[in-house]
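Student: I'd like a close look at one part of this protein, with a bit of what surrounds it. Could you walk me through it?

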Amino acid sequence: QSAGSALSTPDDPYYHLRHALSYEEGSVMQVPVFSTLRSSRDDLYVWYHRALAPFTRAFGDDASAAIMGSKVFHALGAALFFVIFFVVLTRYLAESSDPRVRRARISLAGIGSVALFALSPLFAYRVLLLRPHIFTLAVLFLAFVTLERRRLGFFFFLAAVLPLFYGASFLLFLPVGLYMLSLALYRHEFPAHRTMLAPPLIALSGVAVGTLLHTDSLRYFFNGTVVHFMAIVNRFRDAVPGGGELFTPRLIPTEIGWLLPLATILVFVFMRMVRGARSGAWQEKITFREFYFLLSSTILTSLTFFISRAAEYALPVVFLTLFWVGAERGPQAVHEVRNFVYNRPDFKTAPLVAALRALLESIEERRRLLLWGVGALLVCFMAATALTAYVSASGRSGDELRYRGAALAMAAHSAPGALVFNPDFSEYPRLVFWNTHNTYATGMDPTFTYFFDRSLYWLMYHVGSGDYLFPRSHCSESDPDVRDP
């Protein structure tokens, strides 16, 4: 986090830092003019910005000090998340029926926490972003856990807090939906009692309370729920050619690394379920807790193939499942394999069985060496991830100054509140970071301008892209050239 003088990305972190500075300085935050965000009271991340505000002046009064304060704040947030993950994983391991797992719970939870950071560069990147996602990530992870453990009072608290820290509070209904689906599939019915109805009702009431506590409840609901939801819809319709956060990720080899062990656990456990289903008692083969987390991990993992940002919400649940269910079911898997290899004389001469026997004997002889090897591999992955992040951040040193000259020149040669035409929404964060003297045409996300005035959005889009400027009446989604400039 401390590498380089710039923030982690050139876009949104500068907006968030400026909004936090406005709270610290008592100044007005210039929100985009052509946007459904009408005033500084339309802060979708109000308590995130208020919490960040004291750090903006903790190390001095200049821009570099504010940037350092933001890095410290988010480093503490990331550390808090990993502490939460470690404590939760430790608790689940402590409830294992295997005494060996209970004794090794601290070590296993430590390895799981390291693996969560080390095995996915995409997740590490998302965690280290200087944006409010780290706190949303923690809330959603705790929501999955509290639902399974039926801590509905704490779940209500999470639901009420989320709208005060993040715009898309409807994400809370993702764990709720997966919990209800798990109940229905596990019991082969939709039970019409509080087990099924309580989670969605508590989520609705909690989000409603948090929304009412917001500085502008109606505007927050529209921008945070309606506009954000439509941004997801437009992502699949290709209606708005902007906003790259919802892109489909590329499957690079380092991202496949965390999928392989998950697939192994899923195949093994669901094979047990299938065998149990044939005898009419598959629920005896797997508990509801295991089924809920396995189903959630499977569906969340599938979402990452369509929307890259799903990774930040999927991987904590996936790694909790992987290390907890893996530790619980792993010895059983080894025992079943041993029985197959050693207790079936009809197959002892088969080449496959002979190979399996040799493999098991080799593993038993080198168990400690293999454990050290896995640990060393995780450390190497983590070091490579951290080094990549460090090199990337160091390469951006001075990046925060790129728009400084232009922003200050506009402030010095224009009237207060004069409108700056910035057709690219990503230019807004670094402009407003240096210059709150002017106002700006668009910013934050193109969807806010799109829902403010669609024809104006397309007009600005064509002017900014240098295309042939269609007559206003033809600047619409129906024209194929609009989506393919």
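Predicted model: local features only at pLDDT ≥ 70, side-chain atom pairs only at ≥ 80, totals over all residues.

Tutor: Let's start with T321: leaving out neighbours within four places in sequence, T321 is in contact with F293, L294, S297 and G326. T321 is found in helix α15, which covers residues 310-342. Its relative accessibility comes out at 0%, and the cut-off for buried is under 20%, so T321 counts as buried.

Now for the nonpolar core. The largest one has 99 residues, and F81, F141, L172, F319 and L320 are the members that touch the most others. Take L172: not counting residues up to four places away in sequence, L172 touches L140, A143, F155, A159, L162, A203 and V207.

Helix α3 (residues 63-94) packs with helix α7 (residues 133-148) at an angle of about 15 degrees, their axes 9 Å apart. Angles under 35 degrees count as roughly parallel, so that is what α3 is to α7. The crossing of α3 past α7 is left-handed. On the α3 side, the contact is made by F73, G77, A78, F81, I84, F85, V88 and Y92. From α7 come I134, F135, L137, A138, F141, L142, V145 and E148. Sort the residues of this contact by type and you get 14 nonpolar, 1 polar and 1 charged.

Definitions and conventions
Residues numbered from 1 in each chain as written. Heavy atoms only, no water. Axes fitted to C-alpha atoms, helices over the stretch in contact; angles between N-to-C directions. Helix = DSSP H or I, 4+ residues; strand = E, 2+ residues; numbered from the N terminus. Parallel < 35°, antiparallel > 145°, perpendicular 65-115°, else oblique. Left-handed = near helix turned anticlockwise from the far one by under 90°. Contact = heavy atoms within 4.5 Å. Nonpolar A, V, L, I, M, F, W, Y, C, P; charged D, E, K, R; others polar. Core = buried A, V, L, I, M, F, W, Y, C linked by side-chain atoms within 4.5 Å. Buried < 20%, exposed > 50% of the residue type's maximum accessible area, 1.4 Å probe, protein only.
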